[in-house]
Amino acid sequence: MDQPAVGTAAIIPTPAEAAPSLQAWSVSGLHCAACADALADWLRAQPGVQHADVGYAAALAVVRAAPAVQQGLPAAAHRAGYGLAPATPADAAALRQREARVLLWRLFVAAFCMMQVMMLAAPTYFAAGAEVPADLRRLLHWGSWVLSWPVMLFSAQPFLQGAWRSLRRRQLGMDVPVALGIVITFAASTWALNDPSGREAVYFDSLTMFVAFLLAGRWLEMKARHGAAQELAALTASDTPDVAREHADGSVSTVSATAVAVGDVLRVALGERVACDARLVEGITQCDEALLTGESLPVPKAAGDRVWGGSVNLGGPVRVRVERPWADSQAQRLAQGLAQALTERPRLRPEAERWAGPFLAAVLTLALGAGVAWWWIEPSRAVMVACAMLIVTCPCALALAAPAARVASARALARRGVVLQRLDALEVLAGVDQVVLDKTGTLSRPAVRPSAPTGAAALQAAAQALASWSQHPMARAVSRLPLPTTAPPWVWHSVSEQPGAGLRGLDPQGRAWCLGAPAWVGASGSWAQSALVFGPEGQEAVLGFDQDEEPLPSAGRLVQRLKAMGLTLRLLSGDRPERVRAMAVPLGLDRAEGACTPEHKRAAVEGLQAQGHRVLMVGDGVNDGPVLAQADAAVAVGGASALAGRAADAVLLRADLGALADLLLQARATHRIVRQNLTWAAAYNALAVPLALMGWLPPWAAGLGMALSSALVVGNAMRLVR
């Protein structure tokens with residue numbers, strides 16, 4: 001590079017480096033949805049933070065702030081009792097490992113102390129009267145009291161700290177009744193040790209068992225959350241590409257894309273993916289931008305044109321100057337979109353939050369009333385009944401019912417190449433009864449058809465063999481054509497590709513042939529109107545290929561699967577009506593309409609909604625923004641093309657349309673699992689609350705029931721992963 005170019009790169013404005021950016025953080029210390037809300041409120045209160053969302057199920061936080069502010073967030077979260085680490089695979093894995101280790105130690109201490117306390121309490125259960133002298137009974141109780149202290153000071157801290165954070169925010173979180181049960185049980189048992197009447201109604205065994213069971217339930221929940229975080233990392237983490245960076249003296253070195261700065265010049269080879277958004281400095285080429293824009297045909301590029309990170313160089317070797325770093329590439333924006341989906345607050349959640357406070361207030365009132373009633377009936381059991389009521393009515397299972405199922409489905413769909421941009425869209429997708437499909441870029445792909453004279457099978461086979469040497473979309477379309485059965489095999493030698501023009505190769509006799517653009521091959525007459533032509537070098541073309549389109553291989557299976565699910569399908573396209581009918585009839589689509597503008601599509605969907613239908617729109621995300629936004633649910637195909645508009649609820653990253661049917665089936669399964677979870681949680685409370693009120697459910701059994709209830713809800717949701 002010459003000196004002026006270096007100077008130009010040096011004067012690129014730098015304030016953008018300090019501009020607010022969106023960053024994902026892995027979180028530790030979350031134990032319920034209320035914890036996620038508390039951390040989100042705490043982060044939003046930090047100076048310089050513009051936006052913050054925290055997802056409990058995926059243990060993920062997304063914060064928009066300046067880089068300097070982002071650096072101080074881990075310390076701010078630590079002051080609030082949480083841990084933050086950048087959502088990189090290594091940092092996130094280390095944070096999860098630390099969280100798992102601490103929780104495992106808490107569980108070990110609680111379980112060990114529980115076993116010792118139970119051993120000390122056993123004589124008082126299995127012996128009666130004078131078999132255990134009063135002084136020995138008192139000594140055993142004091143031993144249980146000593147062994148309960150590690151449980152209170154270490155193992156029970158997550159519940160006590162969570163309750164304190166909720167009360168400090170003047171809210172009744174789910175840890176409040178649990179913490180009250182723990183504190184009241186310990187305090188009442190400690191008071192009973194000094195009771196001059198000698199009754200010594202102590203419950204240290206119930207206390208330690210309760211904490212151990214709750215920690216066991218949280219361990220299972222944490223493993224499920226860590227699994228979701230690992231699936232997210234597996235989906236969004238891709239190997240950082242290496243790039244060829246050019247230096248001022250003309251030398252080239254291979255570096256990681258993360259080391260590339262704005263203004264650097266990179267060399268991009270033929271067939272290589274461009275790592276960063278850049279501008280073409282030298283060379284003429286074509287770029288495949290299908291993943292980014294949905295455009296199926298390659299886009300010509302000349303010096304001065306912009307090339308996008310993630311596009312594929314199909315023409316020839318070029319030099320580009322970086323305008324945006326790799327961290328701002330399409331792959332990273334995709335990761336941010338998925339992270340936002342896992343942390344965004346469901347649309348129906350405010351209603352649940354309005355009920356959470358009154359529900360917990362009713363729980364506390366009911367527990368207090370039960371304690372007072374039993375104080376008049378049998379004072380020695382009043383504390384036990386009140387604590388059991390506090391524990392058994394904690395709505396942990398209800399809180400986990402929907403989030404656990406949604407995140408499990410997000411994990412399963414990610415493996416199939418489906419990215420959910422809004423998790424609560426699963427509820428809408430489960431109730432869809434009408435599916436509106438776009439054609440171009442959704443059900444079809446570019447194709448060619450030979451316009452050859454009779455008996456040109458050998459020429460077509462030769463052209464297809466030559467086309468197989470290129471990755472150009474039109475060349476790939478030629479190579480996909482059915483091979484004539486009577487054609488002999490062709491072997492080409494010394495094949496070369498002219499960027500943006502075509503292919504040249506030598507046949508077994510050493511004669512040169514060309515396949516490419518008519519102007520480059522030198523075609524005339526009717527061949528000049530073809531998309532591609534084939535012929536001997538320097539002579540008139542002998543074979544032409546006209547541009548066409550064909551259904552995707554999975555389109556027919558998709559239509560059949562959707563019909564089998566009881567859905568009504570409609571095809572709305574902006575293409576000519578005759579081409580739309582030609583595509584719809586073989587696929588079995590009875591309702592098809594062509595010459596539709598984006599506004600016409602939106603009006604058609606609005607009309608279906610006015611009839612009471614729930615509509616799913618499937619498009620390529622390029623020109624379908626209005627109708628995608630109008631539909632009850634929207635799915636975009638073509639990879640990251642829909643991420644720019646953010647209009648779709650889900651994105652299909654792969655060309656296999658079968659993933660759309662999988663998405664709808666997964667949404668229905670999620671709806672069933674959520675209803676099962678809610679039914680179980682309600683049934684458990686309906687059974688356990690009367691037992692606790694009648695004094696038949698000790699605190700340890702209530703803790704076991706609550707832990708098992710939460711574990712059952714999480715385990716049932718994990719079935720969706722499979």
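Predicted model: local features only at pLDDT ≥ 70, side-chain atom pairs only at ≥ 80, totals over all residues.

The protein chain exposes about 31800 Å², and carbon and sulfur atoms supply 61% of that area. The chain has 722 residues, of which 50% are buried. Its secondary structure comes to 24 helices and 26 strands. As for the contacts with a separation of 6 or more, 68% are between residues 24 or more positions apart.

Let me turn to the sheets. Which order do the strands of the open seven-stranded sheet follow? The order is β14-β26-β25-β24-β15-β22-β23, and the pairing is mixed. At the edges are β14, residues 418-420, and β23, residues 592-593, each of which pairs on one side only. Within this sheet, I would draw your attention to β24, residues 615-619, and β25, residues 633-637, which pair in the parallel sense over four bridges. In that pairing, V618 stands opposite V635 of β25.

Next, strand β3, at residues 60-65. With β1, residues 21-28, β3 runs antiparallel, and six bridges join the two strands. There, W25 stands opposite A61 in β3. With β2, residues 49-55, the pairing is also in the antiparallel sense, over six bridges. In this case D53 stands opposite V62 in β3.

I move now to a pair of helices. Helix α19 covers residues 555-564 and helix α23 covers residues 658-693; their axes come within 8 Å and cross at roughly 20°. Angles under 35 degrees count as roughly parallel, and α19 and α23 are therefore roughly parallel to each other. The crossing of these two helices is left-handed. Which residues meet between them? From α19 there are L558, R561 and L562, and from α23 there are G658, L660, A661, D662, L664 and L665.

Finally, I would like to discuss two serines, each placed in a strand. S451 is found in β16, residues 444-451. Its relative accessibility is 26%, so S451 counts as partly exposed. Which residues does S451 contact, once its neighbours within four places in sequence are left aside? They are W527, S530, L543, G544, F545 and D546. With regard to W527, that residue is 76 residues from S451 along the chain, and the two C-alpha atoms are separated by 8.8 Å.

Is S494 buried or exposed? With a relative accessibility of 54%, S494 counts as exposed, because the threshold for that class is over 50%. Most residues other than glycine have a negative phi. S494, although not a glycine, has a positive phi of about 50°.

The seven-stranded sheet is open, with β14 and β23 at its edges. Thank you for your attention.

Notes
Residues numbered from 1 in each chain as written. Heavy atoms only, no water. Buried < 20%, exposed > 50% of the residue type's maximum accessible area, 1.4 Å probe, protein only. Contact = heavy atoms within 4.5 Å. Areas by Shrake-Rupley, 256 points an atom, 1.4 Å probe, with all protein chains shown as cover. Pairing = 2+ DSSP bridges. Axes fitted to C-alpha atoms, helices over the stretch in contact; angles between N-to-C directions. Parallel < 35°, antiparallel > 145°, perpendicular 65-115°, else oblique. Left-handed = near helix turned anticlockwise from the far one by under 90°.
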